[in-house]
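Here are my notes for someone opening this one for the first time. Have the view beside you and go through the points in order.

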Amino acid sequence: MSGKCDLKRHVSSIHCIVGYFTSRKTTTCLGMLTGLRKYLPDSRVNYIKPVGQKHVTIDGVKVDKDVVLFKKWFNLTAREPAMSPVVVAAGFSRDYIDGKYSREHLVKLIDNAVEEVSHQSDLIVVEGTGHTGVGKFKE
């Protein structure tokens, strides 16, 4: 893959990206998915949280806890790592500064995840992270 999301077919997305850590973005996304699935029952509606903070470990992989909720509640078929490609957990900032991750690598993880989920979707709800400081670094 080139690091850019080169979709073979058009997939629509709804972005829920604005808000502070406790601004109810997840609740809004839950409502959006519920409504979309009710009014578009023949559509394959999916969810992705490209950058997450609070995580759980599933099969040795850290994924955002909201992804687990959405997958279970809506019986989504996408893999959790594709729905949650980047987790900003404890130590992430130090690892980034130390060169363990690069911006290009993180963008590629997100692009690859979006491409994977899009192949199972007609529409994707994309939830942003808690605040604009997550994942921001001065280089």
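1. Start with contacts, meaning heavy atoms within 4.5 Å. Among those in the protein between residues at least 6 apart in sequence, 71% join residues at least 24 apart.

2. A word on where this comes from: it's a predicted model, where local features need pLDDT of at least 70, side-chain atom pairs count only at pLDDT 80 or more, and totals for chains, interfaces and linings use all residues. Residues are numbered from 1 along each chain as its sequence is written, and side-chain values use heavy atoms, with hydrogens and water left out.

3. Now the parts list. The protein has five helices and seven strands, where helices (H or I, at least four residues) and strands (E, at least two) are DSSP runs numbered from the N terminus. Read from the N terminus on, the order is β-α-β-β-β-β-α-α-β-α-α-β.

4. Of the 139 residues, 38% count as buried. Buried here means under 20% relative accessible area, exposed means over 50%, and partly exposed is in between (1.4 Å probe, protein chains only).

5. Which residues of α1 are buried? They are Lys25, Thr26, Cys29, Leu33 and Leu36. Looking down the axis of α1, these fall within an arc of 95°, so they line one face of the helix; the arc is taken from the directions from the helix axis to the C-beta atoms. Turned away from that buried side, α1 carries the exposed residues Lys38 and Tyr39.

6. Next, β4 (residues 55–58) and β5 (residues 61–64). These strands run antiparallel, joined by four bridges; strands count as paired if DSSP finds at least two bridges between them. Val56 stands opposite Val63 in β5. The two strands form a hairpin with two residues between them, and Asp59 in the turn has a positive phi of about 50°.

7. Then the charged pairs. A salt bridge is a side-chain nitrogen of Lys or Arg within 4 Å of a carboxyl oxygen of Asp or Glu, and by this rule the count comes to seven. Take Lys49 and Asp66, whose closest N and O atoms are 2.7 Å apart. Lys49 lies in the loop between β2 (45–48) and β3 (51–52) and Asp66 in helix α2 (residues 65–74), so the pair ties together parts that are 17 residues apart in sequence.

8. Lys49 has another partner: its side chain meets that of Glu127 in a salt bridge (3.8 Å, N to O). That pair links distant parts of the chain, with Glu127 sitting in strand β7 (residues 123–127), 78 residues apart from Lys49. Are these two buried or exposed? Lys49 counts as buried at 7% relative accessibility, and Glu127 counts as buried at 2%.

9. Finally, Asp66 also pairs with Lys65 (3.2 Å, N to O). Asp66 is buried, with a relative accessible area of 7%, while Lys65 counts as partly exposed at 39%. Salt bridges that share partners join Lys49, Asp64, Lys65, Asp66 and Glu127 into one network.
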